[in-house]
Amino acid sequence: MATTATNSVLGRSSRRWCRKEGGAIIIGVGFTVILYYTLTHSDSPLIDPQQQQQHVSDDLVNLTLLHTAKDKGAFCLDGSLPAYHFQKGFGSACNNWLIHIEGGGWCNTIESCSLRATTPLGSSKYMDTQVHFSGILSSDPSQNPDFFNWNRVKMRYCDGASFAGRPESEPKNGVKLFFRGQLIWEAFMAELFSIGLSNAKQAFLTGCSAGGLATLIHCDDFREHFPKDITVKCLADAGFFLDEADVVRSRTMRSFYRDVVNLQGVAQSLNKNCVKSMEPSQCLFPRQIVKDLKTPVFIAQPAYDFWQIQNILIPNGADPQRKWRKCRLNLRSCSPSQMEVLQGYRDSMLKILNEFQQKKETGLFVNSCFIHCQTWISLTWHSPTSPKVNNKTLAESVSDWYFDRKVAKHIDCPYPCNPTCYNMDFTRH
């Protein structure tokens, strides 16, 4: 899951891209799934260092604590105040708003939530006081041609349940953990409306990974805050998690989501009709959520999402003999029979997304890259070297859809057909 923050509490290891020079930082804690990665451009030939420094300086955005959350009882896991970063819009887009929800996995036990509460994904005490706005949040028109001058907000993620937890489920045994995700969402909406979102002419809710799931969960509620004549749409980036069996036929992700839902009382934040008709944790999967959405949604999803491959299809527990170790870290290392399994996972994803794309107002961008979130990184969002499908970057596809310029339903051919992809290589230290 993606964020720009790092935390010395957690271990670090450097990784590299297969295709281009650049770096990545991965920080993980078991299946709690705390995962960060960020591109570093300092050694990249694609960007002039002076231009890079100028953009970094221009787009460093301060952290704002949500002080009004205290009266609403809306707290991060550790009891600290939620937080966000805000860059004011200008010019012709001064009344347009883009809100991006940070990703960062989930916690499914008291132990994993307690650990998470000592990181930026569970406490504002550990969040960076400034972050760099890039990709869909960038103010550089060359990187973000259609949203660069909008009011742009990054909502920091600190509840561990995609802003859907409920206080009624908090532990009663003396453990101090706050399950207030739903209240945080409501507090954010109140805050943003008080600083100008109430005057929006166009509004766009986006999110990456667990933040993409949060976007889907809250999309219709977001839309209901506005008059009917205001354009309101949502985008989930790498947030379309599948309920698929792993390589030993266990439902690892289903079990994990069941734990999250039960621990934090998430069922109350999910679609009521869905919860009545099936086991509540099933309703946390995007396949079920999008069936009932009334607001136009765009799904940006790599068909070979490295997080899903490493945690849903081939979790560590499903590979005790480490037969999949190299393949799950670098697709170039997969045997023909292993690639057949990965292609099967892609087929399952496309089958489900085919149901979704039947709706007229939906948008879709499915490339064949071994990557995760792509909207918040300039290289994968919109640059001369960005991945393309049907000769469109992700940014161009999203804009075509949001502004009703063209139908934007782009599905890539199978790996390794797309030479424009950035593919992660986790085997290189």
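**Strands and disulfides**

Modeller: Let's start in the sheet: strand 8 and strand 9 (residues 231-237) run parallel and are joined by seven bridges. Strands here are DSSP E runs of at least two residues, helices are H or I runs of at least four, both numbered from the N terminus, and two strands pair if DSSP finds at least two bridges between them. Keep in mind that this is a predicted model, where local features need pLDDT of at least 70, side-chain atom pairs count only at pLDDT 80 or more, and totals for chains, interfaces and linings use all residues. Residues are numbered from 1 along each chain as its sequence is written, and side-chain values use heavy atoms, with hydrogens and water left out.

Biologist: Which residue stands opposite Leu 205 in strand 9?

Modeller: That's Cys 234. From strand 8 the chain goes through helix 5 (residues 210-224) to reach strand 9, a right-handed β-α-β crossover (clockwise from the first strand over the helix to the second, with the strands pointing away from the viewer).

Biologist: And what does strand 8 pair with in the parallel sense over six bridges?

Modeller: Strand 5 (residues 96-101). There, Trp 97 stands opposite Ala 203 of strand 8.

Biologist: Is strand 8 mostly covered or mostly open?

Modeller: Mostly covered: seven of its seven residues are buried, buried being under 20% relative accessible area, exposed over 50% and partly exposed in between, with a 1.4 Å probe and protein chains only. Gln 202, Phe 204, Thr 206 and Cys 208 point one way, while Ala 203, Leu 205 and Gly 207 point the other. In a regular strand, side chains alternate between the two faces of the sheet.

Biologist: OK, switching to cysteines. How many disulfides are there?

Modeller: Eight, counting pairs of cysteine sulfur atoms within 2.5 Å.

Biologist: What's the handedness of the Cys 208 and Cys 373 link?

Modeller: Right-handed, with 85 degrees about the S-S bond. Cys 373 sits in the loop between strand 11 and helix 12 (378-381), 165 residues from Cys 208. Both cysteines are buried.

Biologist: What about Cys 369, which cysteine does it form a disulfide with?

Modeller: Cys 421, again at 2.0 Å between sulfur atoms, but that link is left-handed at -80 degrees.

Biologist: Why does Cys 369 count as buried?

Modeller: Because its relative accessibility is 0%. Cys 421 is buried as well, at 2%, whereas Cys 94 is partly exposed because it comes out at 38%.
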